[in-house]
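Colleague: I have a model open and want to learn how to read its contacts. Could you take me through a few features, one at a time?

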Amino acid sequence: MASLRVPLPDPNRQKPKPRVPLRVPKIRGVRKFFLDLDARLGHFFFAASVSLRARWDNFSAFMDRFHVAGVKRFLIEITSEGMTLGTAGLVLMLALAVPAFRETGGEDWLKKTDLSVTFLDRYGNKIGERGTRINDTIPLEELPDVLIKATLATEDRRFYDHFGIDFAGTFRALGANARAGGVVQGGSSITQQLAKNLFLNNERTIERKINEAFLALWLEAHLTKKEILKLYLDRAYLGGGSYGVDAAAQYYFNKSARDVNLAEAAMLAGLFKAPTRFAPHVNLAAARARANVVLDNLVDSGMMTEGQVFGARRNPAKPIDRRDEETPNYYLDWAFREVQQIVDKLPKNISERVFVARTGLDLNIQRAAEAAIEDSLRQFGRDYNVGQAAMVVMEPNGIVRAMVGGRDYGESQFNRATDAQRQPGSSFKPFVYTTALMNGFKPTSVVLDGPICIGNWCPQNYGHSYGGPMTLMTALTHSVNTVAVRLAEAVGRDKIVALARKMGVTSEIKITRPLPLGAVDLTVLEMTRAYAHFASGGMSVDSHAVIEMHTPKGEVVWRWETDGPKPTRIIPASVIDGINPMLNSVAENGTGRRALIPGVKIAGKTGTTNAYRDAWFMGFSGNFVAGIWMGNDDYTPTRRMTGGSLPAMTWQKVMAYAHQGVEIKPIPGLKSAPAPKLEEPRVAAGPNFPESARPVTLSQRTSERLRRLEKTLRETSGNSRASGLLEPQGRTLAAGEGKSPPR
């Protein structure tokens, strides 16, 4: 039996370590929550991706049934793109249509332009009309067939076929204009032209054309073709202040539109395109040539034959000769805008749209101003390289007596007296000096005339020389630039702008370093109104044309004396006592000597801008305030013309004439006695301005007495015809058969 051997332990061998069981940490709380969330999210996205893949495969298998190729695919793509672009286009058209349709807001959209005003001068003589109204006295059926055909053949041959916009006519006009290299045909339909007349203006912009198109569609949806044509014939401006074919027929042929023949109808239809250019009283040859084009249109459109129009060609229309009639159109345009503002402020219970407005216009001064400007430009325009001028004459209380907005209204209706903004140059300096006097300076205060720089701007005097220390009186008399700049630095340019605002300047004035030297764009009317504050003794002045408005029945609806703003003190009397002698010194001893009127004290200031682009003379007496500007519409420089040369000379002609036969009043602040009344004419004769004394006018006292008498008669009779403004038949009374009434 074998023996059992037990191995003996090795003393050098290490004993094995006892095995420790693995401990798994327990997940508790937040860790357990996030692990669970991760597992759920992973499962969700996996399941979603599998589901979406399956659905996409099913959708692709379904759409494969509609797969097309070749021509069919091309047509489908074109249709799809067309629908997309069409939807975008509709949204765009809606956005563009919103501004146009806003013009039609209100229930009285047809009455927006039916305001009609008859204007009288300061003596009650009729001087013109403005505005238009719906003429329902002549139905469309009673207008001659030849007049309607001539209008349609010339303005819109497809009028009864289109829906407001004649695309065929537009493309035809574009082609004709392209072949002619200019505008020979218009593409607007009658409906589009009516939309422009009712809601828009004549500005040539894309925005206006877009609005015009949408408004044409709107009119077609709200009116019948007959109503549109009737409104067009009644509302269109046909020159000579006439709106509508009936008023034009009365003005040009002294007959109703019912009675016009073919030749006269052709001449009337030719006025729609350009009433000013083709008006027979302005250019008879052009009017007859245009009428012949209308006869061609009648034949080309098939509305009449050559045999039917042959008589009208051989015997053209013979309008009334109105070349001797002078209408103050610039004045009336401005007065009509004033009437529109007055009507907007009338009480709502006054629904009348036809008014008679008495203005402050003096036809004698108006004609003198027009003739003096034309004579000056004809005689010296070439020498000075100047072609335009504008002038305003007013009383110190703001009543505008005359207004010249340009050399020729028939050539350009842009009113340079009220709308053209030009730099006044040194004629702006009285604002600077008046501000200085209001802030402690005196006419005897001494200021240095020497080099001065503000930053990198270093103004210089006209003669590039300096006079050293001098008084404000001397500095303004000789129009020293550096002194005006130093005064502006001393008192602050913001105070100068504030004073200009109080004195009636409404244009934007930027506060710049050259501001004291007249580097700001202003109108002649603004400057004249501002200078009127000097002539009024520092009281506020509101320039205005309308003195009184009443209805055709005589009911007074507005009067300046009671409804206009009340004068307030703008410039202290002590300052007026300082600035007016300084401005008088400018005229008598300085740059304005050519404006002096024998026997009349005047005050004023010349103005000349850089490069001689603008030349001004602003001046006043105790009776009148007047401002004149001369220059060129395209801003080209004149030939070294200053405000003290041609503008001052022209100003002197007009104002010398205006002061004849009136009681001369003193200028506030001048202590000298008033000059005697001028009896002899002081105006140089010219081809358009014969040497003759001005008709005697009413004195202020006589005018007040007549106004009181007029008021008494109106109160007792209740009828304005008793006031002497209108006869029972409505004919305007002209005192002395068209002459000014005696004093």
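Colleague: Which residue does Arg122 meet in a salt bridge?

Modeller: This is a predicted model. A salt bridge needs a side-chain nitrogen of Lys or Arg within 4 Å of a carboxyl oxygen of Asp or Glu. Here the side chains of Arg122 and Glu395 meet at 3.9 Å, N to O. Arg122 lies in the loop between strand 1 (116–120) and strand 2 (126–131), and Glu395 in the loop between strand 4 (388–394) and strand 5 (400–404), so the pair ties together parts 273 residues apart in sequence.

Colleague: Is Arg122 buried or exposed? And Glu395, buried or exposed?

Modeller: Buried means under 20% relative accessible area. Arg122 counts as buried, at 17%. Glu395 is buried too, at 11%.

Colleague: Which residues are linked with Arg122 in a network of salt bridges?

Modeller: The network links Arg122 with Asp362, Glu395 and Arg401.

Colleague: How many salt bridges does a search of the whole structure find?

Modeller: The search finds 24. Among them is Arg337 with Asp419, at 3.7 Å, N to O. Arg337 lies in helix 13 (residues 329–344) and Asp419 in the loop between strand 5 and helix 15 (429–437), so this pair ties together parts 82 residues apart in sequence. Arg337 is partly exposed, at 33% relative accessibility. Asp419 is partly exposed as well, with 38%.

Colleague: Where do Glu588 and Lys601 lie?

Modeller: Their side chains meet in a salt bridge at 2.9 Å, N to O. Glu588 is in helix 21 (residues 573–589), and Lys601 is in the loop between helix 21 and strand 10 (603–608), 13 residues apart. Glu588 is partly exposed at 29% relative accessibility, and Lys601 is partly exposed at 32%.

Colleague: Now the sheet. What is the order of its 5 strands?

Modeller: Strands of a sheet pair through backbone hydrogen bonds, either parallel or antiparallel. In this open sheet the order is 5-4-12-11-10, with antiparallel pairing. Strand 5 and strand 10 stand at the edges with a single partner strand each, so one side of each has no neighbour in the sheet. On average, neighbouring strands of this sheet are turned by 5° against each other, direction ignored.

Colleague: How many bridges join strand 10 to strand 11?

Modeller: There are 6, and the two strands run antiparallel. Strand 11 covers residues 614–620.

Colleague: Last, the rings. How many aromatic pairs does the search find?

Modeller: It finds 13 aromatic pairs. One of them is Phe428 with Phe431, a tilted pair: 4.8 Å centre to centre, 45° between the planes. Phe428 is buried at 0% relative accessibility, and Phe431 is buried at 1%. Tyr531, Phe534 and Phe620 form one aromatic cluster.

Colleague: Which ring does the charged end of Arg422 sit over?

Modeller: The ring of Tyr635, 3.9 Å from its centre. Lys225 lies over the face of Phe159, at 4.5 Å from the ring centre.

Notes. Residues are numbered from 1 along each chain as its sequence is written. This is a predicted model: local features need pLDDT of at least 70, side-chain atom pairs count only at pLDDT 80 or more; totals for chains, interfaces and linings use all residues. Side-chain values use heavy atoms; hydrogens and water are left out. Helices (H or I, at least four residues) and strands (E, at least two) are DSSP runs, numbered from the N terminus. Buried means under 20% relative accessible area, exposed over 50%, partly exposed in between (1.4 Å probe, protein chains only). Two strands pair if DSSP finds at least two bridges between them. Axes are lines fitted to C-alpha atoms, for helices over the stretch in contact, and angles run from 0 to 180 degrees between N-to-C directions. Rings of Phe, Tyr and Trp (its six-membered ring) pair if their centres lie within 6.5 Å; planes under 30 degrees apart count as stacked, over 60 as edge-to-face and the rest as tilted. A charge sits over a ring if NZ of Lys or CZ of Arg is within 6 Å of the ring centre and within 35 degrees of the ring normal.
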